[in-house]
Amino acid sequence: MNRFLHSARLTRFAAAALRVALAAGFLSAVADRFGLWGMPGTPGVAWGDWSHFLTYTGRLNWFLPASLIPIVGAIATLAETVLALLLLPGTWPRCTALASGLLLLLFALAMTFALGIKAPLGYSVYVGATAAFYLAATAALPQQT
């Protein structure tokens, strides 16, 4: 029985850590596109401002008309922000984790088709998506005390 309780405690800790890690990843990406990590060209900064982010969004979504790219960028930013804010306190854990996994899978697939497999693997986007799906699956399990 002690072993089972230890396992349940570890599972709860891992789920909380995973929620925080996913939320931090989303919020970091959002912060980057608003220049909070530094200006474009700063080491470690992916975009540094909204226009560079939209250029990247257009590259990933090459199949869309250019007029839709700002809308897609705004939707992605809003989705990442909302999901992060729901992940942190654990609000609707299964639905939030599932939505996070779907969003990350969409990002990974867009990166794969636009840039090749190395980009999403290098940024662990598939790992993040899988982690979110695992979080959704474990959130459905009954909680033991």
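Residues are numbered from 1 along each chain as its sequence is written, and side-chain values use heavy atoms, with hydrogens and water left out. In this predicted model, local features need pLDDT of at least 70 and side-chain atom pairs count only at pLDDT 80 or more, while totals for chains, interfaces and linings use all residues.

The secondary structure of the chain comprises six helices and zero strands. Helices (H or I, at least four residues) and strands (E, at least two) are DSSP runs, numbered from the N terminus. The order of elements from the N terminus is α-α-α-α-α-α. Along the principal axes, the C-alpha atoms fill a box of roughly 60 × 30 × 25 Å. The chain has 145 residues, and 34% of them are buried. Buried means under 20% relative accessible area, exposed means over 50%, and partly exposed lies in between (1.4 Å probe, protein chains only). Contacts (heavy atoms within 4.5 Å) were also sorted by sequence separation. Among those between residues at least 6 apart in sequence, 54% join residues at least 24 apart.

Two packed helices are described by the angle between their axes and the distance between the axes. Here, axes are lines fitted to C-alpha atoms, for helices over the stretch in contact, and angles run from 0 to 180 degrees between N-to-C directions. The axes of helix H4 (residues 93-115) and helix H6 (residues 125-139) come within 8 Å. They cross at roughly 160°. H4 and H6 are therefore roughly antiparallel to each other. Angles under 35 degrees count as roughly parallel, over 145 as roughly antiparallel, 65 to 115 as roughly perpendicular and the rest as oblique. The crossing of H4 past H6 is left-handed. In a left-handed crossing the near helix is turned anticlockwise from the far one by less than a right angle; clockwise gives a right-handed one. The contact of H4 with H6 holds 18 nonpolar, four polar and one charged residues. In this classification, Ala, Val, Leu, Ile, Met, Phe, Trp, Tyr, Cys and Pro count as nonpolar, Asp, Glu, Lys and Arg as charged, and the others, Gly among them, as polar.

The axes of H2 and H3 come within 9 Å and cross at roughly 105°. That makes H2 roughly perpendicular to H3. H2 contributes Trp50, Phe53, Leu54, Thr57 and Gly58 to the contact. From H3 come Ile69, Pro70, Val72, Gly73, Ala74 and Thr77. By class, the contact of H2 with H3 has seven nonpolar, four polar and no charged residues.

In soluble globular proteins, nonpolar side chains tend to be buried together. A nonpolar core is a set of buried Ala, Val, Leu, Ile, Met, Phe, Trp, Tyr and Cys residues joined through side-chain atoms within 4.5 Å. The largest such core has 20 residues. Leu22, Phe26, Leu87, Leu104, Met111, Val125 and Leu135 touch the most other members. Helix H1 (2-33), helix H3 (69-87), H4 and H6 each supply at least two residues of this core. H4 gives the most, with six residues. Leu104 touches Leu22, Phe26, Val125, Gly128 and Ala129, not counting residues up to four places away in sequence. A second, separate core has five residues, including Trp47, Phe53, Leu54 and Ile69.

Ala84 lies in helix H3. Its relative accessible area is 0%, so Ala84 is buried. Beyond neighbours within four places in sequence, Ala84 is in contact with Ala23, Phe26 and Leu27. The C-alpha atoms of Ala84 and Ala24 are separated by 7.2 Å, although these residues are 60 apart along the chain. Thr112 is placed in helix H4. Thr112 counts as buried, at 19% relative accessibility. Excluding residues up to four places away in sequence, Thr112 touches Ile117, Pro120 and Tyr126.

Three loop residues complete the description. Trp62 is found in the loop between helix H2 (50-60) and H3. Trp62 is exposed, with a relative accessible area of 56%. Trp62 touches Phe113 and Ala114, not counting residues up to four places away in sequence. Trp62 and Ala110 are 48 residues apart in sequence and 9.3 Å apart, C-alpha to C-alpha.

Most residues other than glycine have a negative phi. Trp92, in the loop between H3 and H4, has a positive phi of about 45°. Trp92 counts as exposed, at 59% relative accessibility. Ser124 is placed in the loop between helix H5 (118-122) and H6. Phi of Ser124 is also positive, near 55°. At 38% relative accessibility, Ser124 counts as partly exposed.
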